Amino acid sequence: MLARLPLPVVLALLLPLPVGAQVKAPPPPPVYKIEIRYEIDAYRNERARQFLDMVKTFEGLGFKRDVADAARGEDLDEAINREVNVMRGTIPSASIGKLLLERHVQTLLLVPATATLPAKDQPVRVDLRMLVGYNRARQQDLARQTLAILAPLSFKEAVGYDHRQQTRMLGQIPVGQLDILLNDPRRTPTALALLPRTLLVDLRRFGGGTDTLGSILLQWYGTPAGKKLLTPIIDEWRKTPQAQRLIMDLPRDVARIKDVVDEELLKQIYQHPDGERSLEMIWDAVLKSPTPTVYLDPLLRRIRGRNMASALPLLFRPSAVVRIIEVRPDLPLPQPRPARVVVPDEQRKLSPEVRALVADAGKAANRERFELILSEIPREGTTWNQHLVRVTPSIAIEGRLGPVVQVVCPIRSVLDLAALTQVASIRLPALARSAVLTLPNDSAKSDDVLKRVGLDVLHKQGKKGKKVRLAIIDGDFRGWETEKGKRLPASTRLIDFTRERNESLLPDPDLGPATTLGAGTKLALAALLAAPEAELTLIRIDPSSLPMLGVVVRRIAGQPALSEALVQRNDDLSLMRYLLNSRRRNLNAERREVQDLFSDNLPQSDPELKKRQQRRDEYLKKEAQFEKDETEFLQRIDRFLMHRRQLETLKQTQVVVCGLTWTAGFPVAGTSALSQLIDELLPCTTLWWQAADNTPGQAWTGLFLDEDGNGRMGFLPSEKPLVAGTWDRETNFLAWQPWQGATSAAFPAQTRVRLSLQWREVHDPDEGKQGTPYRQPLTDLRIVVLKQLDPTGTKQPSDDLAVVGESTALPEQLHQAETFALYEHAVEFVAEAGVRYCVRVEGVIPDRITPPDTPALPLTQRQGEIRPRLLIEANVTTGRPLLASYSTTTGCLGVPADAQHVLTVGALNSAGKPQSYTVEGAPYLLELSPRPHALTEDRLGISGMTDGGGSGFAAGFASGLSAALLSAGHQPEAIARELRLHPRLPLKLTPPRK
């Protein structure tokens, strides 16, 4: 029994926190008002002796009993009265632990001595300390079952608190329910319903169980209420052949006494093999009786502590489950978990941002840009787009890369598109991050940078990238025309892919001040520092349009690829030409008619002449508008042909550098359509340099662990010590790292933070061929973002948390294959000033790889492991967010840095050490492919750009260095091979190994 548990186990209930935990809380009150529920399993003199010993122990610990409660106890003769089991008074808080060591004590109800409880219908904060001593799995089962019986009492569990290995429950409950908590919540009808209906039958299967059952049934029958309860069941049994034979064997004078016969029949019921049904009827009658605990309490007391206790649910095996009920009306109520948002079925495929747009009825007619993720990648040559156009005739398809289709359509059309089986998800376009950072000014000098990598020697030899085609891919080239002919070569040209999606074939306007150099322009200047004579091509794409980059890859590979938007522009021009020709014919005919009107030379004052002149003026307006439209058409033709000619020049590109990376929204395990396209098509003669991004500490990836089975993922195995500042392995606190200054636990005000969770799960290949049975993932993972209500712990404990947001509806299905699928959830929130946030990942690992509705034998089921990847991002450029408690070097890279063919570049400082913001680690699920391939300096000392840096600058400089090497006669294959053979070494100009 719990009373005989060893001292360390019992005291574990009372420690403020387990060793290593970091919860801060207001100090406990010095004195508590206390109610002690005890249980003395003895009678009369022996009970009186044990009672007096117990009271003496209480008094020795400083317990002072209430005078009124003591008088009540004397009136009820509590020393020998088994119905009295509660004592009230006060006790010093330091004595609580020793009080629990008294063997008769079951549960303590504590209230600060100076606090006053509110009205009975008002909620109050309660901190429940549970029974300890079980292994992790059983402790979790006990906590789960206890929570189930507390819910009908209006108990609302807090969210995110330190559960101390499932030995603590924190929440709020109405004051009127405290007595039920003290007097054992297992005695409520909800709890008693958890007992198995076959319990009385099961007892007979244990040694001594039949005798125990018999004594209990006879004890029940010995009371008037019990006799009334059991008599109908005994009368039913009396009709059986077994009962008739028993009655016939009784002496005639005994058989005439009904009570004696009923007792004999009751004995036969619990002893006879056929008595199971009657025993179940007795059980049902007990539960339906007005006072079921009167019957069940003695039964459970007899069972506990014996081998037959295994017939009980874990919740009922100990004599007490809730050991301490600490009521704190002096502290704020803990925040319960809010009800999950119920997403309508027709909106389950929509991301939260899209659902918000759909909910605004006033914007239903507005046209917005969306990304559709198809259930499967369409085969080349198929009419995959006809279904989209049929459902939404006004849709404009701008591009497709793999399963991702970028479209523009009215918001009201989104639900119609989501209803298509070929559409798996609809979201707003995923935005790429620029790897070019704006950092505090540095004192680097360009000449010193060139000297440290050996480029000064190469430049003196005239090897400066001459005749090497170098392409810069970015989304912002502000200021490039101003720099053209100055710091940029006069031959520099810009290919702007954003013009393809505009009917005018004019590019999208630049975002931001025109006087500021864009990230792409800075990237170009970083490349030209190493290769000032390279032939420069600037390629502008929309950072929110990955399909644009797919066309660039195909063009560099020499394929005549056209985006769906450019094909539409061609069709628009054909239609415009047809309409203009038709208008020209009509105008020519109208012109002849107007000329004929003036052939009779009427006088100027003639009223008819004025009408003819008005007709002529109308014609002239039409003609002027036609000429204007024709001029616009010819200009569009010129822009179209010019853009097509520019596309043809991309196949001659020898060096490419991309400063954009998509860290979320696409598969980042090398399986994205873009990464696969680069690996498949990019020629060996082209060097693709990719920024490794600036996201160390922003990702976590690893095996999904839920060692205590509570549905929350642990970021760290239990054998490893806790991180400072945390109290469990399930809560990952966030932080903010500015580019200059110390890391802060809180974010800048109004920072928009985005957390994404991506995972891959294994599927049955046979099922994967049958349509889309896995649109609903087998693994139900969720992101839960919480905020710490008082990190200092001065007003309330620091483990008091509140939910800020959580993922809802279906995750995005990023990739579907026959044997696996990739999914992603995302949650966004706007940070408040001075608030500390944390994140949890919740879910359960599936026990099968086949769809839930597929019939299969349990032994044939297989289970796949899940290795999720959690990433945090923010929209502020003055610093970056961090997973402060738990992060990994693996999983920080995005698309296309995860492609095998690209050369990823990280940033070094002038001392040759990696910068704190540069990534060093493998892509998600590609642990055997470490990155970056190369490291070089990012603070380059370029005039007017001493605030530039990041892995984008490093990649730009590395691309220029490779251009200089190519102009010196080195082969691109040798350069790439050298970097892959010796990754993560600082770039220096040494001859490649042969």
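The model is predicted, so local features need pLDDT of at least 70 and side-chain atom pairs count only at pLDDT 80 or more, while totals for chains, interfaces and linings use all residues. Residues are numbered from 1 along each chain as its sequence is written, and side-chain values use heavy atoms, leaving out hydrogens and water.

**The sheet and its helices**

Let us start with the open sheet: 8 strands in the order 2-3-1-4-8-5-7-6, with mixed pairing. Helices (H or I, at least four residues) and strands (E, at least two) are DSSP runs, numbered from the N terminus; two strands pair if DSSP finds at least two bridges between them. Strand 2 (64-65) and strand 6 (156-157) are the edge strands, each pairing on one side only. Strand 2 runs antiparallel to strand 3 (residues 86-92), to which 2 bridges join it. Lys-64 stands opposite Thr-90 in strand 3.

Helix 3 (residues 67-75) packs on the sheet and touches strand 2 and strand 3, its direction making about 150° with that of strand 3. Contact here means heavy atoms within 4.5 Å. Axes are lines fitted to C-alpha atoms, for helices over the stretch in contact, and angles run from 0 to 180 degrees between N-to-C directions. Helix 5 (residues 136-150) lies across strand 5 (123-130), strand 6, strand 7 (168-174) and strand 8 (322-327), and runs at about 0° to strand 7.

**Backbone features**

Most residues other than glycine have a negative phi, and most peptide bonds are trans. Here are some residues that depart from that pattern:

| Site | Feature | Value |
|---|---|---|
| Arg-44 | positive phi | near 45° |
| Asp-77 | positive phi | near 55° |
| Val-895 and Pro-896 | cis peptide bond | omega about 5° |
| Arg-931 and Pro-932 | cis peptide bond | omega about 0° |

Arg-44 belongs to helix 2 (residues 44-60) and counts as exposed at 57% relative accessibility. Asp-77, in the loop between helix 3 and strand 3, is partly exposed at 41%. For these terms, buried means under 20% relative accessible area, exposed over 50%, and partly exposed in between (1.4 Å probe, protein chains only).

**One loop, one buried threonine**

Pro-896 sits in the loop between strand 30 and strand 31. Thr-890 also has its place in the loop between strand 30 (879-883) and strand 31 (903-908). Thr-890 is buried, with a relative accessible area of 16%. Leaving aside neighbours within four places in sequence, Thr-890 is in contact with Ala-699, Thr-701, Ala-922, Pro-923 and Glu-927.
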